[in-house]
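Hi,

Here is the structure I said I'd pass on. Have a look at it first, and then read on for what turned up.

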Amino acid sequence: MVYGYMRVSTIKQDAESQKGKILEYAHNNKMIIEKMESETISSRAKLEDRAIYKLSQELKSGDTLLIAELSRIGRSMTEVFILVDMLVNKKVKVIDISKKIEFGNNIQSKAILSALSLSAEIERDLISDRTKRGLAQAKANGKTLGRKKGSLGKSKLDSKRGEIVDLLKRGVSKASICKIVEVSRTGLDHWIKTRKIKAQIKGGYIL
């Protein structure tokens with residue numbers, strides 16, 4: 001199956017340009033696009049929450065992903081490498097239309113992935129170095145680092161508190177809740193314990 005992906009800005013011409021390149025390539029190569037995925041640029045969304053990551057989970061061996069250009073699938077070299085490497089390992093063909101590069105089981109693809117890997121590593125080192133320097137400067141200025149003793153760190157389950165409490169009240173097993181909110185049993189147990197959820201539910205809940 002053939003898929004298309006576009007990461008667009010709010011500028012209409014940008015979306016039309018990418019879509020045009022993808023459709024033209026598919027037409028010239030006698031490909032039928034089964035699904036065209038599109039998302040607007042976001043500076044906050046985590047990779048796991050983005051449409052391209054979810055699409056990469058759907059793609060199977062033998063599928064083809066068409067993109068207008070490689071930079072569209074990631075906001076950093078690290079993201080680009082993670083996604084392309086993951087897809088190639090799944091034997092999904094990734095085609096960068098603008099650069100005329102086909103990522104798959106070929107020498108050109110392996111060479112570019114090696115370069116991407118190195119670039120991603122350098123990028124991570126730079127970010128790490130900036131973070132360390134920032135923390136050192138903050139400490140030198142007398143700022144207390146880290147959270148206060150006894151305080152709770154943020155958890156992705158905090159935003160699902162109402163849903164989890166409701167499921168517990170209904171007697172839904174923890175195993176089922178873990179699947180619903182996509183967390184491990186250990187993670188759920190720790191969250192329930194640290195948030196003292198049990199004490200807030202009359203009659204207790206199913207373990």
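**What I found**

The chain has 7 helices and 5 strands. Keep in mind while you browse that this is a predicted model. Going from the N terminus, the order of elements is β-α-β-α-β-α-β-β-α-α-α-α.

Some overall numbers to start with. The chain has 207 residues, and 32% of them are buried. It exposes about 13,600 Å², with 53% of that coming from carbon and sulfur atoms. If you take the contacts with a separation of 6 or more, 67% are between residues 24 or more positions apart.

Now zoom in on strand β3, which covers residues 64-67. What does it pair with? On one side of the story there is strand β1 (residues 2-8), which runs parallel to β3 and is joined to it by 4 bridges. Within that pairing, Tyr5 sits opposite Ile67 of β3. Strand β4 (residues 93-96) also runs parallel to β3, again with 4 bridges between them. Here Leu65 has Val94 of β4 as its bridge partner.

And which way do the β3 side chains go? Thr64 and Leu66 point one way, Leu65 and Ile67 the other, and all of them are buried.

One last thing to look for: β3 and β4, together with helix α3 (residues 77-89), form a β-α-β unit, and the unit is right-handed.

Cheers

Terms used. Residues are numbered from 1 along each chain as its sequence is written. This is a predicted model: local features need pLDDT of at least 70, side-chain atom pairs count only at pLDDT 80 or more; totals for chains, interfaces and linings use all residues. Side-chain values use heavy atoms; hydrogens and water are left out. Buried means under 20% relative accessible area, exposed over 50%, partly exposed in between (1.4 Å probe, protein chains only). Helices (H or I, at least four residues) and strands (E, at least two) are DSSP runs, numbered from the N terminus. Two strands pair if DSSP finds at least two bridges between them. A crossover is right-handed if, with the strands pointing away from the viewer, the path from the first strand over the helix to the second runs clockwise. Contact means heavy atoms within 4.5 Å. Accessible areas come from the Shrake-Rupley method with a 1.4 Å probe; for residues, only the protein chains shown count as cover.
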